[in-house]
Amino acid sequence: MKKEVKSQIIDILAAQLQETPNFYVTDVTGLNAEQTTRLRRACFEKQIKMLVVKNNLFHKALQRQENEEIKNIYPLLKGNTAILFCMTPNAPAKLIKEVSAEIGKPELKGAYVQDCAYIGAANLQVLADIKSREELIGDIVALLQSPARNVISALQSAGGKLAGIVKTLSERE
């Protein structure tokens with residue numbers, strides 16, 4: 001491969017890292033054509049971009065990020081590696097669990113999610129449990145609505161009692 005082509009690939013990878021900072025490094029060794037197609041189709045359905053690149057080129061793209069935490073990913077770039085990029089931080093972890101249950105691969109080597117590096121397959125469940133932005137917003141809205149619902153419920157259940165209390169208090173003045 002010519003140096004110009006390598007430079008272009010590194011530029012593309014660096015741009016992809018800027019666009020989607022959450023990525024998973026997976027081992028895809030031993031997948032046949034049918035299994036690879038199934039994995040790619042599953043990635044496409046979940047809006048996950050899967051790239052198989054040379055480890056050295058991805059390493060150089062990572063070095064452009066100037067991030068101390070991302071340096072923990074460098075040792076993982078060995079053997080057959082596929083990189084999964086996604087805006088939703090937990091989607092690739094769920095996909096890996098789902099697909100690996102069927103075909104035995106891919107295996108998680110590590111991930112860089114929400115500015116933190118997760119190393120090893122043992123972190124797969126932790127990554128799958130990370131809540132997406134939409135899930136967090138939903139939780140916050142539910143928490144904010146809960147006290148208001150309690151007050152409204154108390155007022156409705158009090159019904160006539162509350163009106164009597166207000167009338168008694170107004171008569172005292």
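Show the surface of the protein chain first. In this predicted model, the accessible surface comes to about 10,900 Å². Carbon and sulfur atoms account for 54% of that area. Of the 173 residues in the chain, 35% count as buried.

Now switch to the cartoon view. The protein chain has 7 helices and 5 strands.

Return to the surface and select Lys3, Lys6, Lys54 and Lys60. These residues gather there in a patch of positive charge. Keep Lys60 selected and colour helix α3, which covers residues 55-63 and holds Lys60. Is Lys60 buried, partly exposed or exposed? Lys60 is partly exposed, because its relative accessible area is 40%, which lies between the limits of 20% and 50%.

Next, select Asn90. This residue sits in the loop between β3 (81-85) and α4 (91-103). Is Asn90 buried or exposed? Its relative accessible area is 4%, and buried means under 20%, so Asn90 is buried.

To see what surrounds Asn90, leave out residues up to four places away in sequence and display the contacts that remain. Which residues does Asn90 touch? They are Tyr24, Leu127, Ala128, Ile130, Lys131, Ser132 and Glu135.

Terms used:
Residues are numbered from 1 along each chain as its sequence is written. This is a predicted model: local features need pLDDT of at least 70, side-chain atom pairs count only at pLDDT 80 or more; totals for chains, interfaces and linings use all residues. Side-chain values use heavy atoms; hydrogens and water are left out. Patches are made of residues with over 30% relative accessible area and no salt bridge: like charges are joined within 9 Å, nonpolar side chains (Val, Leu, Ile, Met, Phe, Trp, Tyr) within 5 Å. Accessible areas come from the Shrake-Rupley method with a 1.4 Å probe; for residues, only the protein chains shown count as cover. A salt bridge is a side-chain nitrogen of Lys or Arg within 4 Å of a carboxyl oxygen of Asp or Glu. Lys and Arg count as positive and Asp and Glu as negative; His and the chain ends are not counted. The place of a charge is taken as NZ of Lys, CZ of Arg, CG of Asp or CD of Glu. Helices (H or I, at least four residues) and strands (E, at least two) are DSSP runs, numbered from the N terminus. Buried means under 20% relative accessible area, exposed over 50%, partly exposed in between (1.4 Å probe, protein chains only). Contact means heavy atoms within 4.5 Å.
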